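Here's a quick briefing to read alongside the model. Have the sequence and the 3D view open as you go.

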Amino acid sequence: MLELDKVDCATFTPCLGQTFEAVFADGRLPLTLAEARPLGAAPAGAARAPFALTFHGAPRLRLSQRIYRLEHAALGAMDIFLVQIAGDASGSQFEAVFN
């Protein structure tokens, strides 16, 4: 399991454009990592600078905001809180913010 308290934006940058699979009891749902962006400098005493990840999914896909188990070929499994930030006929977008 990927230790999310030890990752930073640079951990995910090599995975841009790659598939992460959301794992459900009845199957898997592919999400593509579209963006890994810094959110400013690290606060004093913080172990890392905050950053955000944006994932793209299928058109009209709707997911509740909650923690999802994601799996990636190189990074392995991780539990990430995703929030849907957009969704229409052209695609769906989900964001994870790391403070």
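This is a predicted model: local features need pLDDT of at least 70, side-chain atom pairs count only at pLDDT 80 or more; totals for chains, interfaces and linings use all residues.

Residues are numbered from 1 along each chain as its sequence is written, and side-chain values use heavy atoms, with hydrogens and water left out. In brief, the chain has 1 helix and 6 strands, and a closed barrel is built from 6 strands.

**Overall fold**

- Reading from the N terminus, the elements come in the order α-β-β-β-β-β-β. Helices (H or I, at least four residues) and strands (E, at least two) are DSSP runs, numbered from the N terminus.
- The chain has a radius of gyration of 13 Å, which agrees with the value near 13 Å for a compact globule of 99 residues. That radius is taken over C-alpha atoms, and the globule rule is 2.2 Å times the number of residues to the power 0.38.
- The C-alpha trace spans about 40 × 25 × 25 Å along its principal axes.
- Of the 99 residues in the chain, 36% are buried. Here buried means under 20% relative accessible area, exposed means over 50%, and partly exposed is in between (1.4 Å probe, protein chains only).
- The chain exposes about 5,500 Å², with carbon and sulfur atoms supplying 53% of it. These areas come from the Shrake-Rupley method with a 1.4 Å probe, and for residues only the protein chains shown count as cover.
- Among contacts with a separation of 6 or more, 51% come from residues 24 or more positions apart. A contact means heavy atoms within 4.5 Å.

**How the strands pair**

- Strands of a sheet pair through backbone hydrogen bonds, either parallel or antiparallel. In this briefing, two strands pair if DSSP finds at least two bridges between them.
- Strand β1 (residues 19–24) pairs with β2 in the antiparallel sense over 6 bridges. The two form a hairpin with 2 residues between them, and F20 stands opposite L31 in β2.
- β1 also pairs with β4, again antiparallel, over 2 bridges. On that side, A22 has L70 in β4 as its bridge partner.
- Strand β5 (residues 76–88) runs antiparallel to strand β6 (residues 91–98), and 5 bridges join them. D88 stands opposite G91 in β6.

**A closer look at M78**

- M78 is found in strand β5 and counts as buried because its relative accessibility is 0%.
- Not counting residues up to four places away in sequence, M78 touches M1, L2, L4, F12, F20, Y68, R69, L70 and H72.
- M78 and L2 are 76 residues apart along the chain, yet their C-alpha atoms are separated by 5.2 Å.

**Salt bridges**

- The structure holds 7 salt bridges. Each is a side-chain nitrogen of Lys or Arg within 4 Å of a carboxyl oxygen of Asp or Glu.
- E71 forms a salt bridge with R28, and the closest N and O atoms are 2.8 Å apart. This pair links distant parts of the chain, with E71 in strand β4 (residues 66–72) and R28 in strand β2 (residues 27–38), 43 residues apart. E71 is partly exposed at 27% relative accessibility, and R28 is partly exposed at 46%.
- R37 forms a salt bridge with E35, with the closest N and O atoms 3.3 Å apart. R37 is partly exposed at 24%, and E35 is partly exposed at 34%.
- K6 forms a salt bridge with D5, with 3.7 Å between the closest N and O atoms. K6 counts as exposed at 58% relative accessibility, and D5 counts as exposed at 54%.
- E3, D5 and K6 are linked in a network of salt bridges.
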